[in-house]
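Welcome! Let us walk through this protein together, one feature at a time, with the sequence and the 3D view side by side.

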Amino acid sequence: MLSLLTLVGTAVAWDVVVNSFGRETAWPVGDITFQIDEEAALEQGLPDLGTDVEIAFEAWSAVPDVDLALVYDGATEVAASENDDENIVYIGDPWPFDSRLLAKTTTWSNDDGLITGFDIAVNPDLHVGMPRADAQNTLTHELGHALGLAHSEVAESTMYFHSYM
């Protein structure tokens with residue numbers, strides 16, 4: 001099981017998500033594949049979405065002693081995939097969530113807490129024209145949720161609930 005919580009000392013920069021059954025969530029060992037709705041990203045003026053997701057993954061894989069294997073599994077035209085073991089990064093157009101959110105991650109897990117899938121919805125209205133560093137920070141935060149991490153109380157951490165831009 002992938003567990004990031006045990007890798008830090010006393011200053012925890014993230015917490016682990018607990019599912020509705022009271023279990024901490026984590027990925028089973030192995031590759032985590034994902035797809036990106038690249039066509040919609042291009043149509044919405046977000047040509048660097050795939051690169052930004054890759055940079056976000058690299059940020060999490062740089063955490064000492066973390067052996068992540070996030071594998072790009074090609075383009076998709078599927079938006080929100082529901083609970084179907086598909087991991088999708090897509091453009092939420094129209095945006096169905098709070099208009100202040102830059103992105104929103106949904107994860108699914110089984111009764112034992114093993115994560116079975118995620119979707120990351122990107123708000124096209126807020127990302128167009130955003131500096132690349134802010135887009136990458138947002139996607140790093142959202143990928144943290146996809147990996148099973150909750151918000152942190154540490155204001156300087158990537159998993160802090162609010163981003164200052």
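Arg 23 and Asp 112 form a salt bridge, with their closest N and O atoms 3.7 Å apart. A salt bridge here is a side-chain nitrogen of Lys or Arg within 4 Å of a carboxyl oxygen of Asp or Glu. This pair links distant parts of the chain, as its two residues are 89 residues apart. Arg 23 sits in the loop between strand S1 (15-16) and S2, while Asp 112 sits in the loop between S5 and S6. Side chains of opposite charge can pair when their charged atoms come close.

Before going on, please note that this is a predicted model, where local features need pLDDT of at least 70, side-chain atom pairs count only at pLDDT 80 or more, and totals for chains, interfaces and linings use all residues. Residues are numbered from 1 along each chain as its sequence is written, and side-chain values use heavy atoms, leaving out hydrogens and water.

How many salt bridges does a search of the whole structure find? There are 2. The other pair to look at is Arg 100 with Asp 98, whose closest N and O atoms are 2.7 Å apart.

The areas themselves come from the Shrake-Rupley method with a 1.4 Å probe, and for residues only the protein chains shown count as cover.

| Residue | Relative accessibility | Class |
|---|---|---|
| Arg 23 | 42% | partly exposed |
| Arg 100 | 69% | exposed |
| Asp 98 | 33% | partly exposed |
| Asp 93 | 52% | exposed |

A cis peptide bond joins Asp 93 and Pro 94, with omega at about 5°. Most peptide bonds are trans. Asp 93 also belongs to a patch of negative charge on the surface, together with Glu 39, Glu 43, Glu 77 and Asp 125. Such patches are made of residues with over 30% relative accessible area and no salt bridge; like charges are joined within 9 Å, and nonpolar side chains (Val, Leu, Ile, Met, Phe, Trp, Tyr) within 5 Å. Asp and Glu count as negative.

Asp 125 leads us to Gln 44: the two are 81 residues apart in sequence and 8.6 Å apart in space, C-alpha to C-alpha. Gln 44 lies in the loop between H1 and H2 and counts as partly exposed, at 22% relative accessibility.

Now for the inside. Of the 165 residues of the chain, 43% count as buried. The largest nonpolar core has 28 residues, and those with the most contacts inside it are Leu 49, Trp 60, Val 89, Val 122 and Leu 143. Elements giving two or more residues to this core include strand S2 (32-36), helix H1 (38-43) and helix H4 (132-146). Which element gives the largest share of this core? H2 does, with 5 residues. A nonpolar core is a set of buried Ala, Val, Leu, Ile, Met, Phe, Trp, Tyr and Cys residues joined through side-chain atoms within 4.5 Å.

Finally, the overall fold: the chain has 4 helices and 7 strands, running β-β-α-α-β-β-β-β-α-α-β from the N terminus on. Helices (H or I, at least four residues) and strands (E, at least two) are DSSP runs, numbered from the N terminus.

Methods: The place of a charge is taken as NZ of Lys, CZ of Arg, CG of Asp or CD of Glu. Buried means under 20% relative accessible area, exposed over 50%, partly exposed in between (1.4 Å probe, protein chains only).
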